[in-house]
Amino acid sequence: VNRSDRAVAPRVRVIGVGNSLRGDDGAGVEVARRLEEAGPDDADYLTGPVDSASLLGAFAGAARVIVVDAACSGAPPGTIHRFEATRAPLPPRLLRETSTHGAGLQAGIELARALDRLPPELWIYGIEGSDFGPGKSCSHAVSLAVDRVAQEIRRRWMLPGETDPR
Amino acid sequence: MSKRSLRVAYLARVEGEGALDIQVHDGRVTKAHLSIFEPPRFFEALLRGRRYDEAPDITARICGICPVAYQMSAVHAVEDAFGVAVPEPLRLLRRLIYCGEWIESHALHIYMLHAPDFLGFEDAIQMARAHPDVVQQGLELKKIGNELVALLGGREIHPVNVKVGGFYRIPAPSELAALADRLKRARDAALRTVSFSAGLDFPDFEQDYEFVALRHATEYPFNEGRLVSNRGLDIPVREYNRHFEEDHVAHSTALHARLSERGAYAVGPLARYALNFDHLGPTAQEAARAAGLGPVCRNPFKSIVVRGVETVFACEEALRIIEHYEPPSDAAVHVKPIAASGYACTEAPRGVLYHRYRFDGQGIIRDARIVPPTSQNQATIEADLRAIAGAHLNLPDLQLTRLCEQAIRNYDPCISCSVHFLRLNVEGV
């Protein structure tokens with residue numbers, strides 16, 4: 001995971017998970033990029049592929065962590081899924097592991113839960129993708145969803161005075 | 001007539017895609033296969049036509065866990081071809097980055113991939129619920145290894161700072177000194193790792209392996225030395241091809257390597273340890289003794305302890321290098337390509353990694369050959385499977401299957417690395 005430079009842990013950390021060189025898989029990275037460009041705010045940003053061990057480090061220090069990843073559950077492309085992950089595990093089919101070469105987001109969250117290292121608040125956004133081909137950018141439906149997710153995160157979690165709707 | 005089949009279609013807790021296939025007829029193991037079905041990646045072919053200085057970064061992409069090993073074998077093979085020798089400070093920095101990779105790779109395997117077998121858990125997450133302190137310790141150790149690789153390599157995974165002739169940027173002494181306290185923590189964690197792993201239950205199982213590893217005059221091996229074995233092999237790396245051959249077997253997309261004269265052999269921590277115990281240094285040697293290990297360990301299930309001992313060594317070695325570090329005057333030495341072939345073996349966490357390249361006068365790669373440790377261990381893994389299954393036929397299917405999976409994981413197989421599957425016997429043509 002690539003971390004933006006910042007000396008002190010911020011109130012909000014946005015983790016954009018994915019590979020920008022693989023079509024809709026780059027949705028999470030794109031959301032983080034748009035939010036960072038729209039700054040300044042009391043947030044920092046991490047982007048890139050994720051492995052479960054590095055995710056634990058990425059959770060450390062921030063009061064509120066928002067993870068955005070591409071989803072592959074069979075829903076129509078561009079569908080937005082949202083979960084609070086500190087109370088219960090994610091639905092197993094949503095962000096299922098796509099690699100036999102390393103453990104990813106789901107395993108990282110569960111490892112953090114087992115070790116009592118989840119952040120106080122952890123929101124997971126999944127953007128349903130359809131085309132994960134190499135060398136492509138996000139498809140149209142996913143680009144629209146990227147806009148909506150970036151706006152929602154900004155409005156709901158990053159502006160001063162927002163409230164936790166739980 | 002009784003027939004029994006055990007099959008695991010997708011092995012968990014290995015890097016890459018493989019299956020286990022055991023068949024028993026009338027109380028006899030008739031088949032013991034580690035089936036590797038991950039598609040081959042043809043790295044040797046895509047190296048052809050590329051420049052010599054691209055080899056370290058292209059081959060690093062073969063593995064996300066041991067990219068440093070690929071970079072080290074690549075730069076040493078290129079430098080062997082062009083007659084380049086790097087000065088002592090650069091040589092030591094190369095050992096130092098390798099220490100980082102051993103620490104992170106061994107910690108990952110010991111704690112996240114192998115320990116769950118011994119403690120009876122499906123995976124590291126389950127194990128973390130019951131033994132959070134153990135998993136935290138493993139993650140902390142791995143993190144410090146990652147930090148060392150990131151400092152010298154520019155980033156943790158697929159580092160970008162290694163080049164033929166040296167590095168692109170060398171660290172300031174203050175940057176290295178800042179890691180010393182972290183490495184002392186890592187060394188303490190590694191010592192606790194050895195005692196933790198020594199307390200696990202091990203099957204009573206020993207095999208009479210031919211161990212193959214690098215052997216250096218004064219150092220525990222990373223990048224230099226002769227290839228030796230406990231059965232008399234003692235050759236310069238340049239003669240690798242005369243003594244080792246690779247065969248295709250139908251159930252694997254990775255070639256099986258064999259010693260031409262004697263067949264299967266083992267590379268990796270047990271081999272390095274048996275052939276280089278005298279160079280481990282007092283702290284690691286003492287940790288090994290306290291763990292009940294002699295100077296040779298033939299029980300592959302105890303490789304988890306030996307990995308711990310090697311992790312102690314890697315921390316000590318890193319601290320030693322940092323303490324005496326004097327920055328080189330240049331980050332890299334000048335390299336001039338000539339038409340030649342170059343050869344190198346280095347000690348990846350999983351064992352000997354062989355690279356050979358043939359260059360034309362402009363330094364363009366004309367052909368390449370890479371033999372990763374896992375393809376060298378395949379025949380030995382299957383021999384272990386046959387023996388361990390044969391000795392435990394009284395176990396019910398589920399337990400026997402688990403034991404066989406554990407026997408595969410003894411080798412920390414990196415299946416993705418192993419699948420080259422390209423015959424390239426064009427040397428001398």
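## Ground rules

Because the model is predicted, local features need pLDDT of at least 70 and side-chain atom pairs count only at pLDDT 80 or more, while totals for chains, interfaces and linings use all residues. Residues are numbered from 1 along each chain as its sequence is written, chains are lettered from A and ligands numbered from 1 in the order in which they are written, and side-chain values use heavy atoms, with hydrogens and water left out.

## The sheet in chain B

Let's start with an open sheet of 3 strands in chain B, in the order E1-E2-E3 with antiparallel pairing. Helices (H or I, at least four residues) and strands (E, at least two) are DSSP runs, numbered from the N terminus, and two strands pair if DSSP finds at least two bridges between them. At the edges sit E1 (3-8) and E3 (28-36) of chain B, each pairing on one side only. From one strand to the next, the twist averages 10 degrees. (Axes are lines fitted to C-alpha atoms, for helices over the stretch in contact, and angles run from 0 to 180 degrees between N-to-C directions.)

E2(B), residues 18-25, and E3(B) pair over 8 bridges. Leu20(B), for instance, has Leu34(B) in E3(B) as its bridge partner.

Is Leu385(B) buried or exposed? Leu385(B), in helix H13 (residues 373-391) of chain B, counts as buried because its relative accessibility is 0%. (Buried means under 20% relative accessible area, exposed over 50%, partly exposed in between, with a 1.4 Å probe and protein chains only.) Not counting residues up to four places away in sequence, Leu385(B) touches residues including Leu20(B), Leu34(B) and Cys404(B).

Asn276(B) belongs to helix H10 (residues 269-276) of chain B. Asn276(B) is also buried, at 0% relative accessibility. Among the residues it touches, leaving out those up to four places away in sequence, are Arg215(B), Glu219(B) and Tyr220(B).

## Where chain B meets chain A

Here, 18 residues of chain B are in contact with 11 residues of chain A. The buried area is about 1,100 Å², with 65% from carbon and sulfur atoms; that is the accessible area (1.4 Å probe) that two parts lose on being put together, summed over both. Ile125(B), Gln136(B) and Leu139(B) supply 40% of the area that chain B buries against chain A, more than any other three residues.

Methods: Contact = heavy atoms within 4.5 Å.
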